[in-house]
Amino acid sequence: MAAIMPPTPAVARAYRLSTYHAPGLPVVRIGHRPSWRGVVPQGDVVLLSAYNPGGRRRPDGWNRRMMRRLASALAGLPHVLGEGRLGRWSEPLYAVRMPLARGIVLARRFRQNAVVVLHGNRPARLVYLA
């Protein structure tokens, strides 16, 4: 299993410039406060994926299998499928109502570099796992 490495400056910039979308959530950008419509959720909403672990491109079929495994790991937790997008590039992700610590454990299991976390009206944060 490859170690999780800190992102390069270009990858860190891509995370900051990306938008993150999921049904029931506002469009999110790192460092910006979410524009909630209606009730602001209590606790953490963690955005995580199983695509392209460690920032290395994987075949589409492999990525889909990993997302199915992540979906199985999320059974019993409130979650919706969304996406992270920068220009023409996009990857699916899940928005999950769970404590950040549990999200980090799952993201590490799927060898991700980072997760996005929303907490109330605070600005969206990118939490690196390296």
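Helix α3 lies across strands β2, β5 and β6 and runs at about 15 degrees to β2. Contact here means heavy atoms within 4.5 Å. For the angles, axes are lines fitted to C-alpha atoms, for helices over the stretch in contact, and an angle runs from 0 to 180 degrees between N-to-C directions. Helices (H or I, at least four residues) and strands (E, at least two) are DSSP runs, numbered from the N terminus.

Before going on, a note on the source. This is a predicted model, in which local features need pLDDT of at least 70 and side-chain atom pairs count only at pLDDT 80 or more, while totals for chains, interfaces and linings use all residues. Residues are numbered from 1 along each chain as its sequence is written, and side-chain values use heavy atoms, with hydrogens and water left out.

Back to α3, residues 100-109. Which of its residues are buried? They are Leu100, Gly103, Ile104, Leu106 and Ala107. They sit on the same side of α3, because they cover an arc of only 165 degrees around the axis; the arc is that of the directions from the helix axis to the C-beta atoms. On the other side, Ala101, Val105 and Arg109 are exposed. Buried means under 20% relative accessible area, exposed over 50%, and partly exposed in between, with a 1.4 Å probe and protein chains only. As background, an α-helix has 3.6 residues a turn, so residues three or four places apart point the same way.

The buried residues of α3 pack against β2 (44-48), α2 (60-73), β5 (114-119) and β6 (125-128).

Now the sheet. It is open, has six strands in the order β1-β3-β4-β2-β5-β6, and its pairing is antiparallel. Two strands pair if DSSP finds at least two bridges between them. β1 (19-21) and β6 are the edge strands, each pairing on one side only. On average, neighbouring strands of this sheet are turned by 30 degrees against each other, direction ignored. Helix α2 also packs on the sheet, where it touches β2, β3 (79-86) and β4 (89-97), and its direction makes about 10 degrees with that of β4.

At one end of the strand order, β5 and β6 form a hairpin with five residues between them. Their antiparallel pairing runs over four bridges. Ala114 stands opposite Tyr128 in β6, and Val116 stands opposite Leu126. In the turn, Gly120 has a positive phi of about 60 degrees.

Two residues other than glycine have a positive phi as well. Asn52, with phi near 40 degrees, is in the loop between β2 and α2. Its relative accessibility is 6%, so Asn52 counts as buried. Arg111, with phi of about 55 degrees, is in the loop between α3 and β5. Arg111 is partly exposed, at a relative accessible area of 23%.

Last, the largest pocket. A pocket is an open set of points on a 1 Å grid over the protein atoms alone, where a 1.4 Å probe fits, with protein on both sides within 12 Å along at least five of seven lines; lining residues have an atom within 4 Å of a point. About 570 Å³ of space lies in this pocket, the volume being the space filled by probe spheres set on the points, which are joined across faces, edges and corners. How many residues line the largest pocket? There are 27, and Tyr15, Tyr20, Trp89, Glu91 and Gln112 lie nearest its centre. At least two lining residues come from each of α1 (9-17), β2, β3, β4 and β5. β4 gives the largest share, four residues.
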